[in-house]
Amino acid sequence: MAISTEKKVGFFFLLTLCVLAVMIELVEDWHPFTIQNEYQTYFDTAVGIKLGDPVRMAGVEVGKIRNISIDDSKVRVDFYVVDGTDIREDSSAEIRQTNLLGGQFLGISFGSKDSPPLAPGSAIPSTERANIDQLITNLDRNQERVFGQLGDLVEESRDTIVNAASSLESVLRKIDQGEGTLGRVINDPGLYDEIESTVGELNGLLAGLKKGEGTLGKLMTDSSLFDDAAVMVADIRTISDRLKNGQGTFGRLLVEDELYTNANDALINIKEVVAKANNGKGALGKLVNDDKLYNEALATVERINSIAAKIDKGEGTLGRLVNEDGLYSDAITTLHKVEKTVDGMSDSGPLSALGVVVGTMF
């Protein structure tokens, strides 16, 4: 049976699609018009990297991985970069992750501008970074170490922890039963009422202060007190300026050297006087150091005390004058008679003065 032209065209179209699919799958990296420079690098491990993974520089894809193999106990990674990619001798290769899901790519650093370009076919130094296996291994190792030390610590402190737990349980039981100060605070409703009352009074006090009630409230709200304080500070500043400028007595004492010199000389003289007095020189020194003068003064004071005691007891003439009322009355009477005599003498002539005196006295 002959095949029609339409079927031939259909078969040819299907065959063309299959060939195209195979070519896309097998020669995905085939770029006949692009110059590709080959390089290689070496790693201790290359977990997650595979053929066809991109080669990137600063996040920009510049090539792909061609081959991964073992070479002298190292993982050799062969890759290419497109022509024009600036790779320097101090550039480095590093296996990096695209995202947290595990995508990998080969990252190439720029290198320094002063470093010469690296020739194609050369090996690029590599930088190792911890991979997920190493991180998990290290985490397991650290976990075992930490939990082992924690277990040892708990084992060593078991008795202490048990005793502390027992003590804490005892304390909590006493608090729950209302024993002790804390137990009474928690279980006694009267203390709560007192605290609430105290808080209420405190709120009232604060409200009164806010309204300016009382002395403290006036201090907090009365602006005139602040003005008075400001005036006082200004006056103090004025006085300080006057003292600094040497005005007034205290200002002169602060700034004039002559007053200081005079005061210093006076102190020196006082020291000399005190030194002479301590050495027994002069009248003051004798008074201070001579026991004889002290004894005489003490004896004189004792005599004065004795005389005063006798006077107080009414002994002697002065004592009788001080203590006997009769002598006082006689003295008054005598004074009255003298006054009458003087009055009679002023009224009478000189010739009768003697008779007036005699008549008055007798």
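The questions and answers below concern selected side chains and backbone positions in this predicted model.

Q: Is Asn-37 buried or exposed, and what is its relative accessible area?
A: Asn-37 has its place in strand 1, which covers residues 36-43. Not counting residues up to four places away in sequence, Asn-37 touches Phe-79, Tyr-80, Val-81, Val-82, Asp-83 and Pro-120. Since buried means under 20% relative accessible area, Asn-37 counts as buried, with a value of 14%.

Q: Which side chain does that of Asn-37 join in a polar contact of 3.4 Å?
A: Among the residues that Asn-37 touches beyond four places in sequence are Val-82, Asp-83 and Pro-120. The polar contact of 3.4 Å runs between side chains, and the partner of Asn-37 in it is Asp-83.

Q: Which residues are linked with Asp-78 in a network of salt bridges?
A: Asp-78 is found in strand 4, residues 75-82, and is buried, with a relative accessible area of 14%. Its side chain is joined to that of Arg-76 by a polar contact of 2.9 Å, while the side chains of Arg-76 and Asp-71 meet in a salt bridge of 3.8 Å, N to O. The residues linked with Asp-78 in the network are Asp-71 and Arg-76.

Q: How many salt bridges does the structure hold?
A: Side chains of opposite charge can pair when their charged atoms come close. One of the salt bridges joins Asp-53 and Lys-50 at 3.2 Å, N to O, and Asp-53 counts as buried at 6% relative accessibility. Another joins Asp-86 and Arg-88 at 3.1 Å, N to O, where Asp-86 is partly exposed at 38% and Arg-88 is buried at 17%. The number of salt bridges that the structure holds is seven.

Q: What is the phi of Ala-58, and where does this residue lie?
A: Most residues other than glycine have a negative phi. Ala-58 has a positive phi although it is not a glycine, and it is exposed, with a relative accessible area of 62%. Ala-58 lies in the loop between strand 2 (54-57) and strand 3 (60-70), and its phi is about 55°.

Q: What is the phi of Ser-73?
A: Ser-73 lies in the loop between strand 3 and strand 4, and it is exposed, with a relative accessible area of 68%. Although Ser-73 is not a glycine, its phi is positive, at about 60°.

Q: Over which ring does the charged end of Arg-56 sit?
A: The charged end of Arg-56 is placed 5.2 Å from the centre of the ring. The ring over which it sits belongs to Phe-105.

Conventions
Residues are numbered from 1 along each chain as its sequence is written. This is a predicted model: local features need pLDDT of at least 70, side-chain atom pairs count only at pLDDT 80 or more; totals for chains, interfaces and linings use all residues. Side-chain values use heavy atoms; hydrogens and water are left out. Helices (H or I, at least four residues) and strands (E, at least two) are DSSP runs, numbered from the N terminus. Buried means under 20% relative accessible area, exposed over 50%, partly exposed in between (1.4 Å probe, protein chains only). A polar contact is a pair of N or O atoms within 3.5 Å; within protein, one must be able to donate a hydrogen and the other to accept it, and residues adjacent in sequence count only if both atoms are side-chain atoms. Contact means heavy atoms within 4.5 Å. A charge sits over a ring if NZ of Lys or CZ of Arg is within 6 Å of the ring centre and within 35 degrees of the ring normal. A salt bridge is a side-chain nitrogen of Lys or Arg within 4 Å of a carboxyl oxygen of Asp or Glu.
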